[in-house]
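The entries below keep the order in which I looked things up.

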Amino acid sequence: VLFLAHGYHETGMAMMEPSRATSREIRSAASYFEKARNIWPNPAFDAAHGWSNVLLARYEKNPEYLNAAYRDYSRAVRKSPDALRYRVGFGETLLLMGDSSRAAMQFKEAARLNPRGPYAGRYLQLILDRGPQPGP
């Protein structure tokens, strides 16, 4: 069963090669991540599904994909709170949703987990440089 779930995950990851992924391929990859997650509730599958939803939100300019990515990444972080990639992905999703204060919390935690990692610090600096944003 775990082998099957891992196979779905790997197939989805291969389909989302950034240099060539189309909206259709990302949608197909998301279905593989969903199948993997239904077989084995691994946080890596949640995060991969979140990533596919972020990409679809960018391609299709549809905020519903960001809401789905939020759910996916929050599930991944809840299951594995010390996973740097999940924190950064969750922070990116929150930034895209316009929630810079909660994004900053995720990036601060990611920077705490890996102080020398480039991504969390870069995003955190971006938020700090922008200053307080007006509320909705």
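**Aromatic pairs.** How many aromatic pairs does a search of the whole structure find? I found 1 aromatic pair in the search of the whole structure, where rings of Phe, Tyr and Trp (its six-membered ring) pair if their centres lie within 6.5 Å, and planes under 30 degrees apart count as stacked, over 60 as edge-to-face and the rest as tilted. Because tyrosine 70 lies in helix 4 and phenylalanine 90 in helix 5, the pair ties together parts that are 20 residues apart in sequence. I then looked up the accessibility of both partners, with buried meaning under 20% relative accessible area, exposed over 50% and partly exposed in between (1.4 Å probe, protein chains only). Tyrosine 70 counts as partly exposed at 28% relative accessibility, whereas phenylalanine 90 is buried, with a relative accessible area of 6%.

**Basis of the entries.** I note that this is a predicted model, in which local features need pLDDT of at least 70 and side-chain atom pairs count only at pLDDT 80 or more, while totals for chains, interfaces and linings use all residues. Residues are numbered from 1 along each chain as its sequence is written, and side-chain values use heavy atoms, with hydrogens and water left out.

**The chain as a whole.** I listed 7 helices and 0 strands, with helices (H or I, at least four residues) and strands (E, at least two) taken as DSSP runs and numbered from the N terminus. Of the 136 residues of the chain, 42% count as buried. The accessible surface of the chain comes to about 7900 Å², of which 56% belongs to carbon and sulfur atoms; the areas come from the Shrake-Rupley method with a 1.4 Å probe, and for residues only the protein chains shown count as cover. I also looked up contacts, meaning heavy atoms within 4.5 Å, and among those between residues at least 6 apart in sequence, 52% join residues at least 24 apart.

**Nonpolar cores.** For the cores I used sets of buried Ala, Val, Leu, Ile, Met, Phe, Trp, Tyr and Cys residues joined through side-chain atoms within 4.5 Å. The largest nonpolar core has 22 residues, of which Tyr86, Leu95, Ala103, Phe107 and Ile127 touch the most other members. At least two residues of this core come from each of helix 3 (43-60), helix 4 (63-79), helix 5 (84-96), helix 6 (100-113) and helix 7 (118-130), and the largest share, 5 residues, comes from helix 5. Apart from this core lies another, of 7 residues, among them Leu56, Ala57, Tyr65 and Leu66. Not counting residues up to four places away in sequence, isoleucine 127 touches Leu95, Ser100, Ala103, Ala104 and Phe107.

**Helix 5 and glutamate 92.** In helix 5 the buried residues are Tyr86, Arg87, Val88, Gly89, Phe90, Gly91, Thr93, Leu94 and Leu95. Glutamate 92 also lies in helix 5, but at 26% relative accessibility it counts as partly exposed. Leaving aside neighbours within four places in sequence, I found glutamate 92 in contact with Phe107 and Tyr123. The C-alpha atoms of glutamate 92 and glutamine 106, 14 residues apart along the chain, are separated by 8.9 Å. Helix 5 is followed by glycine 98, whose phi is positive, near 90°.

**Lysine 61.** Where is lysine 61 found? I located lysine 61 in the loop between helix 3 and helix 4, where it is exposed, with a relative accessible area of 68%. Lysine 61 has a positive phi of about 55° although it is not a glycine. Most residues other than glycine have a negative phi.

**Alanine 29.** Alanine 29 lies in helix 2 (residues 23-39) and is buried, with a relative accessible area of 0%. From C-alpha to C-alpha, alanine 29 and alanine 48 are 9.0 Å apart in space and 19 residues apart in sequence.
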